[in-house]
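Subject: Structure handover

Hello,

Here is the structure we talked about handing over. Please open it beside this message and read the notes below it.

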Amino acid sequence: MAEMTFWDHLDELRKVLFRVIGVWLVLAIGYFIAMPWLFDQVVLAPCHNDFVSYSFLRWIGNTLHLTDEFFTQEFEIKLININLAAPFFIHISTAFWMSVVTAVPYLFFEVWKFISPALFPNEQKGVRKALVFGSIMFFLGVLLGYFMVYPLALRFLSTYQLSADIVNQISLNSYIDNFMILILCMGLAFELPLVTWLLSLLGVVNKSFLRKYRRHAIVLNVILAAVITPTGDPFTLSVVAIPLCLLYEFSILMIKDKPQEEEETSVQ
């Protein structure tokens, strides 16, 4: 196989970008067509009392005979729209972001095709596993954000009252912005092990470094969880903080010990 020049690589990268954009566009058009149904059944599902997460909490409350409002609360909200053009632009933007989220495996596949010729066989095996793992972890984060983090944050924030004279009316723009940002943040947060593994390959971090700053990482994860979920209850905070801490530990396990590190560990 002839060695590719810089311009050949640039041309190949251009083709990759065109293919990725093409897939995004096709998916976005499909989501745009299906959006009325998706909006009612998926996007607005956390607004209704029969959403699976709320039913699950009530089941826990009934099973364990818990009377706290967190487990027994009946929840239903109606959104309002105060912007004439908002429904149209939200229709487009939601279709686009859904296409971006669902195209992540294809994006990783294109990355794999682009970089694999430059890798040795043993490196190809490791990178292929990492990209598959990254896709799975991304969707796990998205699902956790959709089914647990966002519904709990929505229920808390929409019912929180600063004063009895203030009526909470949630706008469509506010709902969608928080919905997309929080779910995408959870998906990206679950990429921590993959990012850490890549940084270890570049020599930026190693196992001993991550172990040394484990306590600092736990504090930072709790702070990050508090930012992602601005609610007051410890349950919602734990739903985010515990997976982040577990992801940090999993990141340590993913990094292989180098001979020098193994010697330092044995000496200590």
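A residue is called buried under 20% relative accessible area, exposed over 50%, and partly exposed in between (1.4 Å probe, protein chains only). Accessible areas come from the Shrake-Rupley method with a 1.4 Å probe, and for residues only the protein chains shown count as cover.

This is a predicted model, in which local features need pLDDT of at least 70 and side-chain atom pairs count only at pLDDT 80 or more, while totals for chains, interfaces and linings use all residues. Residues are numbered from 1 along each chain as its sequence is written, and side-chain values use heavy atoms, with hydrogens and water left out.

The chain as a whole

The chain has twelve helices and zero strands. Helices (H or I, at least four residues) and strands (E, at least two) are DSSP runs, numbered from the N terminus. The C-alpha atoms fill a box of roughly 70 × 50 × 30 Å along the principal axes. Of the 268 residues, 39% count as buried. The chain exposes about 16,600 Å², and carbon and sulfur atoms supply 69% of that area.

Contact means heavy atoms within 4.5 Å. Among contacts with a separation of 6 or more, 80% are between residues 24 or more positions apart.

Salt bridges

A salt bridge is a side-chain nitrogen of Lys or Arg within 4 Å of a carboxyl oxygen of Asp or Glu. By this rule there are five salt bridges.

Arg 19 and Glu 110 form one of them, at 2.9 Å from N to O. Glu 110 lies in helix α5 (residues 104-115) and Arg 19 in helix α1, so the pair ties together parts that are 91 residues apart in sequence. Are the two partners buried or exposed, or partly exposed? Glu 110 is buried, at 1% relative accessibility, whereas Arg 19 is partly exposed at 28%.

Another salt bridge joins Arg 214 and Glu 249, at 2.8 Å from N to O. Arg 214 lies in helix α10 (residues 214-228) and Glu 249 in helix α11 (residues 234-254), so this pair ties together parts 35 residues apart in sequence. Arg 214 is partly exposed at 28% relative accessibility, and Glu 249 is partly exposed at 29%.

Arg 14 and Asp 11 also form a salt bridge, their closest N and O atoms being 2.6 Å apart. These two residues are three residues apart in helix α1 (residues 6-43), which means that about one helical turn separates them. Arg 14 is partly exposed with a relative accessible area of 40%, and Asp 11 is partly exposed with 30%. Together with Lys 15, Asp 11 and Arg 14 are linked in a network of salt bridges.

A charged patch

Lys 125, Arg 128, Lys 129 and Lys 256 form a positive surface patch. Patches are made of residues with over 30% relative accessible area and no salt bridge: like charges are joined within 9 Å, and nonpolar side chains (Val, Leu, Ile, Met, Phe, Trp, Tyr) within 5 Å. Lys and Arg count as positive and Asp and Glu as negative, with His and the chain ends not counted. The place of a charge is NZ of Lys, CZ of Arg, CG of Asp or CD of Glu. Lys 129 belongs to helix α6 (residues 121-159) and is exposed, at 54% relative accessibility.

Asn 221

Asn 221 sits in helix α10 and is buried, at 10% relative accessibility. Beyond its neighbours within four places in sequence, Asn 221 is in contact with Leu 244, Cys 245 and Tyr 248.

Regards
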